Amino acid sequence: MMLKAFFPTCCASADSGLLVGRWVPEQSSAVVLAVVHFPFIPIQVKEFLAQVQQASRVGVTVLGTWCHRQQEPEEGLGRFLEGLGAIFSHEPWLQLCRERGGAIWSGKVVQRLMPPGVPGEHQVMLVFYDQRQVLLSQLHPSATLPDHQAGDAPASAGGLAAVFDTVARSEALFRSDRFDEGPVRLSHWQSEGVEASILVELAKQAAGPTCLLLSFLLSILSAIGACRLFRLWPLPFICSKLSTCEQVRHRLGHLSLVFSTQKAENPAQLMRKANMFVSVLLDVGLGLALLTWLHGEDRTGQLADALVPVADLFIGTLLFTMLVFLLPTTALYYLVFTLLRLLVVTVQGILHLLVDLVNSLPLYSVGLRLCRPYRLAAGVKFRVLEHEAGKPLRLLMQINPLPYSQVVHTYRLPSCNCHPRLSWSSLCRKLFFGELIYPWKQKESKQD
């Protein structure tokens with residue numbers, strides 16, 4: 001029987017010691033998380049792993065031994081490592097060894113409590129993985145992918161989910177590095193120093209009070225908006241005709257969710273908050289840039305001065321035409337004002353499309369997919385490192401990023417839908433019969 005052992009690449013050069021991780025019996029696989037180095041006291045190792053289990057809710061235990069022969073082989077080290085199996089007594093017991101130079105690997109799985117006649121040793125297949133990438137990535141279920149069919153490889157998907165879930169929930173194990181003065185010395189992806197930033201830590205400390213203050217201010221705005229004074233006519237009628245009011249109400253809902261003091265329950269909700277926050281920042285930035293451009297070099301006055309000669313010319317032409325023929329005057333009147341109305345509708349339609357794009361496009365997820373594609377994982381692929389007779393099969397697990405189209409489909413934000421829904425047939429019918437084309441929001445009861 002072939003057993004799988006997921007081994008982190010950061011531990012390939014670690015000194016000899018104990019393999020710490022989680023055993024997944026349903027998949028007959030072991031997920032190695034760290035290596036405990038000598039010297040250590042077994043009771044202290046057990047107490048440390050019990051603390052990690054309580055903090056992470058993961059069955060972290062000693063899976064076996066790790067032997068890295070960097071010098072000449074020592075006979076006493078091999079016998080000592082085999083004797084550790086009687087102290088920690090895990091079934092099955094994993095034994096991995098790397099010879100000097102790193103070119104030769106060996107491994108086996110020993111099961112002591114086996115019926116007579118059944119071999120107690122099994123072959124092992126080594127699957128190397130990048131621990132940092134697996135920890136920070138989010139594996140998306142295959143059911144959400146467009147190429148997935150019902151019943152396709154559920155066991156494989158479940159095995160990958162178990163590996164990703166084990167590494168993600170074992171973050172408490174990675175908080176210690178080689179500079180700690182604790183009784184247990186570990187090797188993992190942060191063993192050379194915990195990855196952190198002073199700015200990030202300061203932002204985390206200030207995030208709580210800031211969100212509390214902004215949530216309080218948003219609750220006051222919501223209470224003011226729900227006041228009966230704003231329900232008096234004609235304020236509701238004006239607000240129903242202005243898409244700006246709908247956009248403001250939509251953005252207030254986004255801000256209330258982003259600055260909520262409640263912690264995100266899952267990675268999907270955290271990604272939703274991040275997308276909303278980036279969308280609001282982009283919306284505010286575009287608004288400020290537009291205002292700055294309009295007020296810079298008195299462009300507002302220039303636009304007004306440019307419109308006055310056009311209006312004078314149009315009125316003069318219209319009056320002259322009315323004095324000559326009535327029918328050309330009517331046709332010219334209808335044609336010019338129809339074109340002006342269509343121009344207004346086109347410009348506002350483009351603005352509505354841009355607003356909907358800013359509101360609904362998951363900019364944070366798209367940027368994450370562009371800069372760190374492993375964070376959004378659609379699956380994995382395996383590359384063969386070594387496949388020779390008498391040696392364990394060695395594979396390298398690599399993360400397949402989620403396609404951009406699937407990123408947009410999965411994390412797309414809901415739009416406010418505050419623009420009119422006009423079809424081409426309705427628009428042509430209104431142009432033919434001379435009906436007024438409303439560029440603003442219409443009543444819900446009115447049907448075109």
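The largest share of the lining of the largest cavity comes from strand β1, which supplies three residues. In this predicted model, local features need pLDDT of at least 70 and side-chain atom pairs count only at pLDDT 80 or more, while totals for chains, interfaces and linings use all residues. Residues are numbered from 1 along each chain as its sequence is written, and side-chain values use heavy atoms, with hydrogens and water left out.

A cavity is a set of points, on a 1 Å grid over the protein atoms alone, where a 1.4 Å probe fits but cannot get out; a pocket is an open set with protein on both sides within 12 Å along at least five of seven lines; lining residues have an atom within 4 Å of a point. The structure holds one cavity of 30 Å³ or more, and the volume of the largest cavity is about 70 Å³. Here a volume is the space filled by probe spheres set on the points, with grid points joined across faces, edges and corners. Among the residues that line this cavity are Leu3, Lys4, Trp23, His90 and Trp93. Both β1 (2-8) and β5 (93-98) supply at least two residues of the lining; strands (E, at least two residues) and helices (H or I, at least four) are DSSP runs, numbered from the N terminus. The lining consists of 10 nonpolar, one polar and one charged residues. In this scheme Ala, Val, Leu, Ile, Met, Phe, Trp, Tyr, Cys and Pro count as nonpolar, Asp, Glu, Lys and Arg as charged, and the others, Gly among them, as polar.

Strands β4 and β5 run parallel and are joined by five bridges, and His68 stands opposite Arg98 in β5. Strand β2 (residues 17-24) pairs with β4 in the antiparallel sense, again over five bridges; Val62 in β4 is the bridge partner of Val20. Seven of the eight residues of β4 (residues 61-68) are buried, that is, under 20% relative accessible area, whereas exposed is over 50% and partly exposed lies in between (1.4 Å probe, protein chains only).

Ser29 belongs to strand β3 (residues 29-37). Ser29 counts as buried because its relative accessibility is 3%. Leaving out residues up to four places away in sequence, Ser29 touches Lys4, Phe6, Arg22, Trp23 and Val24, where contact means heavy atoms within 4.5 Å.

Thr166 is buried, with a relative accessible area of 0%. Beyond its neighbours within four places in sequence, Thr166 is in contact with Arg22, Val31, Leu33 and Val58. The side chains of Thr166 and Arg22 make a polar contact (2.7 Å). Such a contact is a pair of N or O atoms within 3.5 Å; within protein, one must be able to donate a hydrogen and the other to accept it, and residues adjacent in sequence count only if both atoms are side-chain atoms. The Thr166 side chain also reaches the backbone oxygen of Ala162 at 2.6 Å.

The second largest pocket holds about 690 Å³ of space. Of its 20 lining residues, the closest to its centre are Gln247, Asp283, Gly287, Leu351 and Val355. Helix α7 contributes the largest share of this lining, seven residues.

Definitions and conventions. Two strands pair if DSSP finds at least two bridges between them.
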